[in-house]
Amino acid sequence: MLPEIILRAREAIGDKTPMCHDCGALCGAACCQPDADGQGGVYLFPGEAALLENCAWARVTPAPFAPMLVCDGMCERAARPLACRIFPLTPVRGKNGKWTVRMDVRARVMCPLASSGLSGLDPAFPRAVRDALRIVAEEPEGDAFLERWLALEEEYRKPLW
Ligand code: SF4
Ligand code: SF4
């Protein structure tokens, strides 16, 4: 997928964030912290690795689901990946078949906004993320990637036993 699509999607989100203020102050930017074993990263959307391959503050590494950007919790904000910009939301198909958003179940373990759902967010944020995802879905490869992303997120919704 062309990196231009990713740039358009990023632009659709612009400077919108989950809250009107810096939500990272609530949690110490929990979603940017590495795991206990020092590992951490975000999946890159199709075409996005090309935008980040020479960045000085993180590295792109292969992973089974998609290439992953591994950072140490600090980044150049204007260059951060789309996955960071949409968190704590995740794509889901609406009843009309179009992509929309819901709270990502994986946010429950770290994000203080997860329990309040979409109604706890600045309403401009879910709208902007939805628009960005629909831009990604304009390309068949982007649409297929969102389907795989949704399937992965749904795996985390299943009870462990
Ligand atoms: S974990 Fe949630 S509240 Fe904290 S910085 Fe990330 S999105 Fe904001
Ligand atoms: S790239 Fe930036 S926004 Fe994304 S996890 Fe790393 S530090 Fe956080």
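So, Asp-72: it sits in the loop between strand S3 (68-71) and helix H4 (82-86). When I say helix or strand, I mean DSSP runs, H or I of at least four residues for helices and E of at least two for strands, numbered from the N terminus. Before I go on, this is a predicted model, where local features need pLDDT of at least 70, side-chain atom pairs count only at pLDDT 80 or more, and totals for chains, interfaces and linings use all residues. Residues are numbered from 1 along each chain as its sequence is written, chains are lettered from A and ligands numbered from 1 in the order in which they are written, and side-chain values use heavy atoms, with hydrogens and water left out.

Back to Asp-72. Is it buried or exposed? Asp-72 counts as exposed, because its relative accessibility is 56%; the cut-offs are under 20% relative accessible area for buried, over 50% for exposed, and partly exposed in between, with a 1.4 Å probe and protein chains only. The Asp-72 side chain reaches the backbone nitrogen of Met-74 at 3.4 Å. That's a polar contact, meaning a pair of N or O atoms within 3.5 Å; within protein, one must be able to donate a hydrogen and the other to accept it, and residues adjacent in sequence count only if both atoms are side-chain atoms.

Met-74 takes us to ligand 2. Around that ligand you'll find Cys-32, Trp-57, Cys-71, Gly-73, Met-74, Cys-75, Arg-80, Pro-81 and Cys-84, where "around" means that a heavy atom of the residue lies within 4 Å. By type, that shell is seven nonpolar, one polar and one charged. For the record, Ala, Val, Leu, Ile, Met, Phe, Trp, Tyr, Cys and Pro count as nonpolar, Asp, Glu, Lys and Arg as charged, and the others, Gly among them, as polar.

Now ligand 1. Which residues are around ligand 1? They are Cys-23, Gly-24, Cys-27, Ala-29, Cys-31, Phe-87, Pro-88, Cys-111, Pro-112 and Leu-113. This shell has nine nonpolar residues, one polar and no charged.

A few of those deserve a look. Phe-87 and Pro-88 are joined by a cis peptide bond, with omega about 15°, and Pro-88 is in the loop between H4 and strand S4 (89-93). Ala-29 has a positive phi, near 50°, in a residue other than glycine. Ala-29 is in the loop between helix H2 (24-27) and strand S1 (42-43), and counts as partly exposed because its relative accessibility is 26%.

Pro-88 also turns up beside another aspartate, Asp-104. Leaving out neighbours within four places in sequence, Asp-104 is in contact (heavy atoms within 4.5 Å) with Pro-88, Leu-89, Thr-90, Trp-149, Glu-153 and Arg-157. Asp-104 is in the loop between strand S5 (99-103) and helix H5 (124-136). Its relative accessible area is 3%, so Asp-104 is buried. The Asp-104 side chain reaches the backbone nitrogen of Arg-106 at 2.9 Å.

Last stop, Glu-153, in helix H6 (residues 140-157). Glu-153 is buried, because its relative accessible area is 0%.
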